[in-house]
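Hello,

Here is the structure for you to look over. My notes on its packing follow below.

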Amino acid sequence: MTITLGYWSIHGRGEPIRLLLNYVGADWENKIYYMNPEGFADWGKFKESTDMIFPNLPYLIDGDVKMSESLAILRYLGAKFDLVEKDHTKAYRVDMMEQLLQDVVNAFINLNREKEGYEKAAEKYKADLPAKLEKFGKFLGKGNYVAGKKLTYVDFMLYEVLIVHKMFSPASFTDDTINEYMDTFSNLPGVKSWLQGEQKSKGFHVLPAMFAWTGAPN
């Protein structure tokens with residue numbers, strides 16, 4: 001049965017889910033809503049017609065399962081495709097990283113919504129980034145994923161956060177452990193083919209007018 005993932009034509013909250021679905025080799029449809037009047041109308045029609053109780057983007061349809069909210073979707077797929085850590089002495093690392101990444105994403109979004117003083121705020125954000133990445137590298141350890149040797153759904157979240165930040169500030173990526181982690185993850189079967197494929201999402205943000213940084217390398 002084909003799994004349908006619906007999301008905007010950007011990275012955003014949907015790209016970790018796309019990476020995961022491609023990695024596991026799922027039979028899935030990448031339902032894209034483009035950032036134009038037709039795309040907005042298409043999404044509006046879906047919201048009005050669906051029996052989903054909480055329609056939102058991203059959404060996932062897997063048979064009788066119809067759900068929204070990116071974290072809930074990632075957790076669901078993690079359980080479905082054995083991308084969860086069952087050992088509680090390691091699972092806490094997954095839970096903690098999931099929450100840490102939410103903080104990072106929210107901070108980055110808030111930075112790029114700055115109407116005044118963006119340049120100064122961005123300069124400080126970049127200056128602080130190497131030390132933060134070093135902490136993430138220390139947490140991961142050499143040759144490890146978030147949970148240790150087992151790949152979990154949170155690794156797909158972490159990679160997306162890292163690749164966006166590397167586009168934002170390439171010079172900040174001086175930590176060997178982080179760079180090795182990104183290289184290892186990007187070469188996983190399914191992940192590599194998605195990153196090199198035509199379906200790969202091109203943009204990072206919803207509307208350039210809403211954000212100070214539009215995804216171009218700095």
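In the largest nonpolar core, which has 51 residues, Leu158 and Phe185 touch the most other members. A nonpolar core here is a set of buried Ala, Val, Leu, Ile, Met, Phe, Trp, Tyr and Cys residues joined through side-chain atoms within 4.5 Å; buried is under 20% relative accessible area (1.4 Å probe, protein chains only). At least two residues of this core come from each of E1 (3-8), H1 (15-23), H3 (70-80), H4 (88-112), H5 (118-140), H6 (153-168), H7 (176-186) and H8 (191-196). Helices (H or I, at least four residues) and strands (E, at least two) are DSSP runs, numbered from the N terminus. H6 gives the largest share, 10 residues.

This is a predicted model: local features need pLDDT of at least 70, side-chain atom pairs count only at pLDDT 80 or more, and totals for chains, interfaces and linings use all residues. Residues are numbered from 1 along each chain as its sequence is written, and side-chain values use heavy atoms, without hydrogens and water.

Beyond its neighbours within four places in sequence, Phe185 is in contact (heavy atoms within 4.5 Å) with Leu19, Leu151, Asp155, Phe156, Tyr159 and Val191. A second, separate core has nine residues, among them Trp43, Phe46, Met52 and Leu57.

Now the helix pair. H1 and H3 pack at about 15°, axes 10 Å apart. Axes are lines fitted to C-alpha atoms over the stretch in contact, and angles run from 0 to 180 degrees between N-to-C directions. H1 is therefore roughly parallel to H3 (under 35 degrees). H1 contributes Pro16, Ile17, Leu20 and Leu21 to the contact, and H3 contributes Ser70, Ile73, Leu74 and Leu77.

Best wishes

How values were computed
Buried means under 20% relative accessible area, exposed over 50%, partly exposed in between (1.4 Å probe, protein chains only). Angles under 35 degrees count as roughly parallel, over 145 as roughly antiparallel, 65 to 115 as roughly perpendicular and the rest as oblique.
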